[in-house]
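Work through the exercises below with the sequence and the structure open, and try each task before reading its solution.

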Amino acid sequence: MTIRLVMRTKVALFFTFLFPIIFLFVYSGLFAHGNTAAVIYFFGPVVTLNIMGSGFWGLGMQSVMQRERGSLRRYRLAPIGSGTMVLSSLLANYLLGLPTIGLLVLSAMAFFRMPLRMTLLTLLVLVTVGTFAFAGFGLTIASIANTMQEAQVYNNVIWFALLFLSGVTVPLPMLPHWIQRFAAFLPATYLVTSFQAIMVRGESLFAHGAEMLVLLVSGTSGLLFAWKLFRWEKEEKISRRAKLLSLSFVIPFLVMGVWMNARGNLTAAWADTFSLMSRASSAQEEDTTRADGNLLEDFESPQEPEILLKRWQISTDGGATAHSLGELDVVSPGAAGTTHALRFKGRVEPAPGPDHGYVAVRYTFSLTPRDGGPRGIQFEVRGDSRLFQVKIEPPTSAPAVPTLSFVPDSDWQTVRLPAAWLAKPDGSSSTGTTWVLEILADGPPGDFKLDLDELRLY
Amino acid sequence: MPNENNSALVHVEDLHKRYGNLEALRGITFEIKPGEVFGLLGPNGAGKTTTIEILEGLRQPDSGTVTVCGMDPAREKAALKERIGAQLQATVLPDKIRVEEALELFAGFYRQSASIEMLLERFGLAEKRRAFFEKLSGGQRQRLALALALVNNPELVLLDEPTVGLDAQLRRDIYALIEQFHTEGRTTLLTTHYIEEAERLCDRVAILDHGLVIAMGTPRELVQSSGKGTRLEVRLAQPVLPDRLKQLDAVVDCREAEGTYFLHAQPPARAVAALIRFLEAEGNALLDLHITPPTLEDVFVEMTGRRLEE
């Protein structure tokens, strides 16, 4: 009946089915930029957020609301006990949550090409244990709160702590070390990190048996509290002693937190999962860019600076006395009606001695089998009528690397590098290896500026 | 269904219940026989709801003996709930539950249940079977609450203020439904603070005040035992002092309000004759005379000095 009633309530339908999907799009779109590797990483937090929401705001608040509204009184006249009431609400919450999880999985697979890197049985176990644990949380709060307002206060305090300190929103490795240590005491951490370790690192569910056990214990104790402290009417108030007793609910988390911290490699494992995701994400980012014909870079898609700078790096004349400087920026507009271009600017300042200074920007890329045989590279440039040199360094050292000079003016113009430059000296396949395109400003001392765009194979 | 045994279906003896400093029940005693409609009449705060909730097993008495259908409500809750049906003062159900679903849901909680179709027809809810609870009027909600009380075909029905908050017409509709309980021989306990309800529906009434039973019997017995007698409402051509009317033969009491004299007389015929003789002797004239039999309200006022709805 509870399920039927939810289906008839627009607000409940929204929060049960649509809201989690919105979160999936927010996480996958904003945080993961649609990058599959990152979507895989953030899928656990999305599922955990959904499970937490149904436990705290669905099941827990629903119980308090029914009591405050007086609708439990009628049930009290029937030959059913508090245990039946608690178990039936728990079951309804679980059955309502399953289709939502299915919807999340299907949406992530359909819209973000996310592979489900676990068996359906593993997913079911994670979701069941998680739902049970957070239902226990919601029911415990509902048991000790005398009013809706009181329940909201308890819920908010715990909700926000779990939301921001357990990897549900902010990835744990991005938090200060001491917060990561604290996160080991939070149940949401167990579910999030188990999901991530299984999805990203390919670990088995059994490797996270301890986390599952603690979540099961907390769910069971929540259920017992809800049963023993169940109140049919709002006039019945809970004693201070019972409230204090309910604090024992946190004991499993304290034990688990101490154990996880004592193990030592706690934060390292989380950081490793995160960096695995980041590396896979960068590789995919590169591949995605290449998916547009022969385009290597157009600077159009929203990119985090750190991702951009992984492929584009500045180098200068070096040496302790060098004074040359260079920096990269994304500017508007780009070439051929596009929105963005990469700006390489700085100042050439000779160091004392015979060598004149220089500043170079280096772009690392590789060719894939899809690109076919050796091909040339071209890019659009504009600048301040200063001389630049460009060359491509092969993956293996070569006796002499050809260089091309160009003097860009304020209009966009195309620079083409011959296909022979991307052929290996020994004639072997040039795919799968790393090449470096270097553009060098080494003319007379002074400021320089070069805009680059539409870097592609031709 | 009705208990064939003639012994009391409900037995309450020296029942006490206290909430903090408030003594809600101060030792009440009564019995309800099978097939009887028994009323607990009293003002708000008299202890009616506390009594009915103890009988339902929802509250524990501090002391005293309670037996319902041969069971102790505090110890044999589940078994007792199978045999009783109850209606709360205010029944709240989920907004989006349909009438038919509510009956089916609650019927599912019991080992045996009445026919849902029969209940829908009997309580005039057949046309509203698909309506959500939130869309029902006050009268329809109360009829649904009564139908829910019968969903397990109980031998004892406990109704807590079944018509409170309803207008006069809706109250009469509910009375007709409760009268059917009596026709079926179903034992019923109802609490009320409406005189009309107690007089019309109840075989016997216990009047409660401040947690005590101050009078008990059939409505007729209670009224006849009242020393106040029949009420005469009199309007005269010329004013007289109420004390002079009070001295007339068979007049028990007299008070005046806005030109109308309210006399209580026993027996009334002798008082009317004495009044006419008095008016002739005084050169006064009778403009209007209403004779109304005494009510339970009069009994309550006589015993407590207060009106029921004060």
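**Exercise 1.** Find what share of the contacts in chain A between residues at least 6 apart in sequence join residues at least 24 apart.

*Solution.* Begin with the term: two residues are in contact if their C-beta atoms, placed from the backbone, lie within 7 Å. Among the chain A contacts between residues at least 6 apart in sequence, 78% link residues at least 24 apart. This is a predicted model, in which local features need pLDDT of at least 70 and side-chain atom pairs count only at pLDDT 80 or more, while totals for chains, interfaces and linings use all residues. Residues are numbered from 1 along each chain as its sequence is written, and chains are lettered from A and ligands numbered from 1 in the order in which they are written.

**Exercise 2.** State how many residues each chain brings to the contact between chain A and chain B.

*Solution.* Chain B gives 19 residues and chain A gives 14 residues. On the side of chain B that touches chain A, α2 (77-83) and α3 (99-107) of chain B each provide at least two residues, helices being DSSP runs of H or I with at least four residues.

**Exercise 3.** Name the contacts of B:Ile207 once its neighbours within four places in sequence are left aside.

*Solution.* B:Ile207 is then in contact with B:Leu41, B:Gly42, B:Val213, B:Ile214, B:Ala215, B:Val299 and B:Phe300.

**Exercise 4.** Determine what percentage of chain A is buried.

*Solution.* A residue is buried if 20 or more other C-beta atoms, placed from the backbone, lie within 10 Å of its own. Of the 458 residues in chain A, 35% are buried, and chain A has 14 helices and eleven strands, a strand being a DSSP run of E with at least two residues.

Conventions
A residue is buried if 20 or more other C-beta atoms lie within 10 Å of its own, exposed if 12 or fewer, and partly exposed in between; C-beta atoms are placed from the backbone.
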